[in-house]
Amino acid sequence: YILADTFFVSRGLGTQGLAALNLALPIVSLVMGTGMMLGMGGAIQYAVHRGRDGGEQAGAIFTNTLFLALAAALVYVASGLFLSRPLTLLLGADQQVFAMTHTYLKVILLFSPAFILNHTLLAFVRNDGAPQLASLAMLVGSLSNVLLDYLFIFPLDMGIFGAVLATGIAPVISMAILLLHRLRRRNGFHLVRTRLHWKTARATCSLGFPSLVNELSSGIVMLVFNTLMLSLLGNVGVAAYGIVANLALVVIAVFTGVAQGAQPLISRSHGQGRPDLARRVLGYGLTVCLAMAGVIYILLALFAPEMAALFNSEGDPVLAATAVEGLRLYFLSAPLAGVNIMAATYFAATQQALPAQLLSLLRGLFLVVPAALLLSALWGVWGLWLALPAAELAAALVCAVLFLRLKKS
């Protein structure tokens with residue numbers, strides 16, 4: 001969704017549009033991450049119970065997850081209606097980009113029910129034996145976003161509002177496809193008359209928390225990097241980081257996709273009392289993540305100038321040079337990020353919430369923010385690009401310790 005916005009906004013609205021989009025992305029990550037947290041947390045419980053007892057509690061788990069999804073969506077919609085201007089200022093938008101940032105942010109918050117419900121349904125459908133349908137829904141939603149981006153920004157000349165409107169419509173299209181799972185009467189989950197069970201709600205949030213942190217970490221990193229880039233290079237630096245950050249969202253999405261594909265298999269094996277099979281699936285996931293990370297880094301390192309040029313419609317030389325340097329340094333973190341995301345998902349999928357949460361928090365917040373502040377103070381922009389690889393490396397070392405302790409126990 002966001003990569004298409006980045007490309008068309010950079011072509012249609014230039015550097016200021018790109019900077020405005022990048023400033024709003026932390027809130028996008030928060031909304032998306034909330035949906036992923038609730039969807040993954042509820043779906044993990046559903047898959048484990050289905051492997052253990054055939055899914056007798058499926059309806060109650062699904063209904064409780066929807067309660068939480070609607071409550072979160074209500075908070076975000078209220079924020080969009082009443083707090084969008086203060087939030088825009090808080091994200092660091094100056095007079096040049098305030099209007100565009102505010103428009104993007106407000107519309108995203110108003111569309112939050114669609115994003116959250118879409119991620120929730122995707123997780124349940126994927127864990128209900130229909131991963132092909134879930135993949136189809138995501139692909140059609142993404143492609144519709146690309147087409148609508150072009151239509152709204154160029155022929156209809158709707159500016160930043162067109163970009164965010166296309167992004168908001170995409171999950172609605174995705175959910176329409178997911179409804180086929182219900183119409184074909186193949187779903188093992190359904191709405192039931194029940195109250196909100198706090199134990200189930202806590203487990204949903206606890207097991208899904210790593211998914212929130214994995215998504216939110218991108219937003220947190222963006223917020224910190226945007227602030228530091230503004231002080232180092234101004235809006236041009238933010239725009240250059242916007243190119244790198246949006247490509248990073250795609251790379252992280254690749255690893256998240258592998259982890260989410262493995263999660264139903266791991267959770268089902270765990271529910272059936274087969275830890276050997278769960279560990280084998282983990283090994284497959286790690287192998288795929290490392291192989292894809294290697295290919296991704298080689299391509300980005302070799303074609304960094306061409307990638308930067310795609311998003312540099314004004315031909316700004318500072319923007320180009322900064323983005324190329326960033327692509328070659330920032331994505332040294334790719335293999336480590338793949339390992340950490342896959343490992344955190346394994347812990348969550350086997351109902352080991354504490355190590356999953358620890359690993360996700362370390363890589364998403366506790367390590368990267370101090371690294372960014374320290375390395376940028378020492379080496380400027382060059383040090384800022386290396387902050388994420390340093391944080392992912394430290395998190396990977398912690399991950400190795402956690403697995404050694406698990407092996408011993």
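Predicted model: local features only at pLDDT ≥ 70, side-chain atom pairs only at ≥ 80, totals over all residues.

Visitor: What lies nearest the centre of the second largest pocket?

Guide: Phe 62, Leu 121, Leu 179, Arg 182 and Phe 189 do, out of 14 lining residues. The pocket has a volume of about 240 Å³. By class, its lining has ten nonpolar, three polar and one charged residues.

Visitor: What makes Tyr 330 and Trp 385 an edge-to-face pair?

Guide: Two values decide that. Ring centres must lie within 6.5 Å to pair, and these are 6.1 Å apart, centre to centre. Planes over 60 degrees apart count as edge-to-face, and here the angle is 90°. The pair is therefore edge-to-face by that cut-off.

Visitor: Why is this pair said to tie parts of the chain together?

Guide: Tyr 330 lies in helix α12 (residues 317-330) and Trp 385 in helix α15 (residues 368-408), so the pair links parts that are 55 residues apart in sequence. Both Tyr 330 and Trp 385 are buried. Ring pairs also join these two with Phe 225, Tyr 241 and Phe 331 in a cluster. The structure holds 15 aromatic pairs.

Visitor: Why is Ala 253 called partly exposed?

Guide: Its relative accessibility is 45%. Buried means under 20% and exposed means over 50%, with partly exposed in between, so Ala 253 counts as partly exposed. This residue sits in helix α9. Ala 253 is 135 residues from Asn 118 in sequence, and the two are 16 Å apart in space, C-alpha to C-alpha.

Visitor: How do you know that the side chains of Asn 235 and Gln 96 make a polar contact?

Guide: The distance given for that contact is 3.0 Å. The cut-off for a pair of N or O atoms is within 3.5 Å, with one able to donate a hydrogen and the other to accept it, so the side chains of Asn 235 and Gln 96 count as being in polar contact.

Visitor: Where is Asn 235 found, and which residues does it touch beyond four places away in sequence?

Guide: Asn 235 is found in helix α9 (residues 235-271). Asn 235 touches Thr 15, Ala 19, Asp 94, Gln 96 and Leu 230, leaving aside residues up to four places away in sequence.

Conventions:
Residues numbered from 1 in each chain as written. Heavy atoms only, no water. Helix = DSSP H or I, 4+ residues; strand = E, 2+ residues; numbered from the N terminus. Contact = heavy atoms within 4.5 Å. Phe/Tyr/Trp six-rings, centres within 6.5 Å; stacked < 30°, edge-to-face > 60°. Buried < 20%, exposed > 50% of the residue type's maximum accessible area, 1.4 Å probe, protein only. 1 Å grid on protein atoms, 1.4 Å probe; cavity = no way out; pocket = protein on both sides within 12 Å on 5 of 7 lines; lining within 4 Å. Points joined across faces, edges and corners; volume = space filled by probe spheres on them. Nonpolar A, V, L, I, M, F, W, Y, C, P; charged D, E, K, R; others polar.
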